[in-house]
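Please look at the sequence and the structure shown below before reading on.

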Amino acid sequence: LDLLSSTKEISSSIPFILITAFASPEDAVSAMKYGAFDYITKPFQIEELISVIYSALDSLDDSRLSEDDNFENGFRGIFGNSRPMRQLFERIKKIGPTHANVLIYGESGTGKELAAKALHEESEAAAHHFVPVICNAIPETLFESELFGYKKGAFTGADTDKTGLLVTADKGTAFFDEIGELSLQVQTKLLRFLQEREVKRVGDNQTRQVNVRIISATNRDLEEEIRAERFREDLYYRLAVVPVRMPPLRERKEDIPILVDYFLEKYSRAFNKEAPRLSSYALEVLMGYNFPGNVRELENIIERGVAMATSNLILPESINVSNTGSEKRNKDNRQSAIPAVTSEEELFDLGLEKVMARLEKELVQLALQKADNSKMKAANLLQISFRSLRYKTKKYMID
């Protein structure tokens, strides 16, 4: 605590993490009072510590990010000027030039492939290929031959040699979209490649060295997949050297007007129409909507509005978004996988575990709300440890 206090006098911006085997509520309160970023008790998991360190670095970026920073409404094809997006752009600029493998996680429609392309364009590999590998579009039986290639005659129908996707991406970037969809068998083969950096075509005895950066994306909770034994833990740590989170649109609603202008221009050119504008009421409707489909859903709404527009003004009926109240919020909250209970029959159908999980999540959210999002205060309200609260916010995806 003395070291913490002295350090903060020298530089208040340095994130300070305390680790102790002798935790006490008094020390925890003192640590936060003196400006500690986090307070971890032993024993702890290495991945927990890594997660806290990345959060500390993000907070450091946030403190250095001034409101005057301007990315001219976007960065490398990703549009937005909100604080979450400017933090994302800064992170891409920082890790893009490295050769570290990156795992991009976020809900469907948030623009994970755009972020992957931006990372590629910021790197020295930008002059070489960016090769998407759509994991849920390639049958498991064909994945090895698609990824590594095959030699003529390797199997029935192999009439010519085929270059695999990894060789095509040599010196560039391979982007594995929806990496969580891979079977365990394919995961094992990918892990071997990441360890050896060698490719052997199907039906060939010779290997080839390949230097390729791996960027992956998923909308799944891979840590939960690991616990369910559906994803290899060793592969996860190879892929997630640097994690990048794509914020959902509901967390950056101030970007909606920027995105609307971009999509209006895009689809006006596509439909060979004079660019219409959105009525103020239509924009208000969009600003009140939670967008479970994120930016992709907004793009579809504007495309439909431009297609249906009969004048230079798009009205609310043309965008077909009217239910912006509790129905939409409930739809958005379905990601928690804890359904609402409306009857005793449903209560018993769900079972005790899911009902208790739902109650626990609601209590954590309520405590955070009462504590003005201070995790330390919320933990005290709930009479649990700070570490337990951090685990529960992660478990229930409470931002």
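This is a predicted model: local features need pLDDT of at least 70, side-chain atom pairs count only at pLDDT 80 or more; totals for chains, interfaces and linings use all residues.

Residues are numbered from 1 along each chain as its sequence is written, and side-chain values use heavy atoms, with hydrogens and water left out.

The chain has 19 helices and 15 strands. Of the 399 residues in the chain, 41% are buried; buried means under 20% relative accessible area, exposed means over 50%, and partly exposed lies in between, with a 1.4 Å probe and protein chains only. Contact means heavy atoms within 4.5 Å. Among the contacts in the chain with a separation of 6 or more, 64% are between residues 24 or more positions apart.

Two helix pairs can be examined in turn. The axes of helix α6 (residues 140–148) and helix α8 (residues 184–196) come within 10 Å and cross at roughly 15 degrees. Here axes are lines fitted to C-alpha atoms, for helices over the stretch in contact, and angles run from 0 to 180 degrees between N-to-C directions. Why do α6 and α8 count as roughly parallel? Angles under 35 degrees count as roughly parallel, over 145 as roughly antiparallel, 65 to 115 as roughly perpendicular and the rest as oblique; α6 and α8 cross at roughly 15 degrees and are therefore roughly parallel to each other. Their crossing is right-handed. A crossing has this hand if the near helix is turned clockwise from the far one by less than a right angle, and is left-handed if the turn is anticlockwise. On the α6 side the contact is made by E140, F143, E144, L147 and F148, and on the α8 side by Q185, V186, K189, L190 and F193. By class, this contact of α6 with α8 has six nonpolar, one polar and three charged residues. In this classification Ala, Val, Leu, Ile, Met, Phe, Trp, Tyr, Cys and Pro count as nonpolar, Asp, Glu, Lys and Arg as charged, and the others, Gly among them, as polar.

The second pair consists of helix α17 (residues 352–370) and helix α19 (residues 386–395), which pack at an angle of about 115 degrees with their axes 10 Å apart. The crossing of α17 and α19 is left-handed. E360, V364 and L368 in α17 meet L389, K392, T393 and K395 in α19. By class, the contact of α17 with α19 has three nonpolar, one polar and three charged residues.

N294 is placed in helix α13 (residues 294–308), and its relative accessibility of 0% makes it buried. The side chains of N294 and E107 are joined by a polar contact of 3.3 Å. A polar contact is a pair of N or O atoms within 3.5 Å; within protein, one must be able to donate a hydrogen and the other to accept it, and residues adjacent in sequence count only if both atoms are side-chain atoms. Leaving aside neighbours within four places in sequence, N294 is in contact with E107, S108, G109, T110, P248 and L249. T110 lies in the loop between β5 (102–105) and α5 (112–121) and, at 4% relative accessibility, counts as buried. The backbone oxygen of E107 lies 2.8 Å from a polar atom of the T110 side chain. With neighbours within four places in sequence again left aside, T110 is in contact with M246, P247, P248 and N294.

Some backbone details remain. Most residues other than glycine have a negative phi, and most peptide bonds are trans. The peptide bond from K42 to P43 is cis, with omega near -5 degrees, and P43 is found in the loop between β2 (38–41) and α3 (46–64). K171, although not a glycine, has a positive phi of about 70 degrees. K171 is placed in the loop between α7 (165–168) and β9 (173–177) and is exposed, with a relative accessible area of 52%.

Methods: Helices (H or I, at least four residues) and strands (E, at least two) are DSSP runs, numbered from the N terminus.
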